[in-house]
Amino acid sequence: MESIEGVVNSLILRLVRRMTSLSGGDGGRDDIGNDVQFYVQHLIRKLGKAVYLGQRALVAVSQKIPVIAESVLFSDPFDDKFPDLHQYMFILIQLLEFLVSDYLLTWSRDENFDQLLFEEWLTSIIHARKALGVLESSNGLYMLYMDRVVGELARQLGQISSDHKLNPDVLTNLFL
């Protein structure tokens, strides 16, 4: 089981890394790079249908957001790569929203639903939201989109059966 976990984690991390890698050698965006990002995002969404893969994808994506947020914070706005960082941020937030809205209820009813992994990605989303809060003065859209994800998450959590008891601290931090 541990080797399968390692393969799954590696696959998801590589896909997320590929989705957020710079397109083109000069940092400029091109249609091929945008198509690759779209197809990788779609592939992750399809893989996310499986409970474990989807939860792992949520962890990987939500952990990548603070990394990119830090890059945006310390980047020169006149650098050619700066617009790409914004594009990656929106793609990752969009992927979070898709995974939560498409699969959370389905996952919660599955017998293979991992409660600890569930709390891990909830915590990762909270951390991603806080990391984006630092960028709110420069780009409020990040927080607007992330708040939309958290709102959808809250709506979905309200529909999940009480079989999945969550750590109260995680829920408190999610809604602050």
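Visitor: Are α4 and α6 roughly parallel or roughly antiparallel to each other?
Guide: This is a predicted model, and in it the axes of α4 and α6 lie 9 Å apart and pack at an angle of about 10°. Angles under 35 degrees count as roughly parallel. The contact is made by residues of both helices, among them Met89 and Leu104 of α4 and Tyr145 and Leu153 of α6. The two helices, α4 and α6, are therefore roughly parallel.

Visitor: How are α3 and α4 placed relative to each other, roughly parallel or roughly antiparallel?
Guide: The axes of α3 and α4 come within 9 Å and cross at roughly 155°, and the crossing in which α3 passes α4 is left-handed. Angles over 145 degrees count as roughly antiparallel. For α3 and α4 the description is therefore roughly antiparallel.

Visitor: How many helices are there in the protein?
Guide: From the N terminus on, the elements run α-α-α-α-α-α-α. The protein has zero strands, and the number of helices is seven.

Visitor: Is Gln55 buried or exposed?
Guide: Gln55 has its place in helix α3, and, with residues up to four places away in sequence not counted, it touches Trp107, Phe113, Asp114, Leu117, Phe118 and Trp121. Buried means under 20% relative accessible area. Because the relative accessibility of Gln55 is 0%, this residue counts as buried.

Visitor: How far apart in space are Gln55 and Leu99, C-alpha to C-alpha?
Guide: Trp107 is in contact with both Gln55 and Leu99, and its other contacts include Gly48, Leu58 and Phe113, with neighbours within four places in sequence left aside. Along the sequence, Gln55 and Leu99 are 44 residues apart, while in space the distance between their C-alpha atoms is 8.7 Å.

Visitor: What separation is found between the C-alpha atoms of Tyr52 and Leu117?
Guide: Tyr52 is also a residue of helix α3, and it touches Glu5, Val8, Asn9 and Leu117 when residues up to four places away in sequence are not counted. Tyr52 and Leu117 are 65 residues apart along the chain, and their C-alpha atoms are separated by 8.5 Å.

Visitor: Which side chain is joined to that of Gln41 by a polar contact of 3.2 Å?
Guide: Gln41 is found in helix α2, and it is buried, with a relative accessible area of 7%. Leaving aside neighbours within four places in sequence, Gln41 is in contact with Met19, Ile91, Gln94, Leu95 and Phe98. The polar contact of 3.2 Å joins the side chain of Gln41 to that of Gln94.

Visitor: Among contacts between residues at least 6 apart in sequence, what percentage join residues at least 24 apart?
Guide: The protein has 176 residues, of which 45% count as buried. Of its contacts between residues at least 6 apart in sequence, the share that joins residues at least 24 apart is 78%.

Definitions and conventions. Residues numbered from 1 in each chain as written. Predicted model: local features only at pLDDT ≥ 70, side-chain atom pairs only at ≥ 80, totals over all residues. Heavy atoms only, no water. Helix = DSSP H or I, 4+ residues; strand = E, 2+ residues; numbered from the N terminus. Buried < 20%, exposed > 50% of the residue type's maximum accessible area, 1.4 Å probe, protein only. Polar contact = N/O pair within 3.5 Å; in protein donor to acceptor, adjacent residues only side chain to side chain. Contact = heavy atoms within 4.5 Å. Axes fitted to C-alpha atoms, helices over the stretch in contact; angles between N-to-C directions. Parallel < 35°, antiparallel > 145°, perpendicular 65-115°, else oblique. Left-handed = near helix turned anticlockwise from the far one by under 90°.
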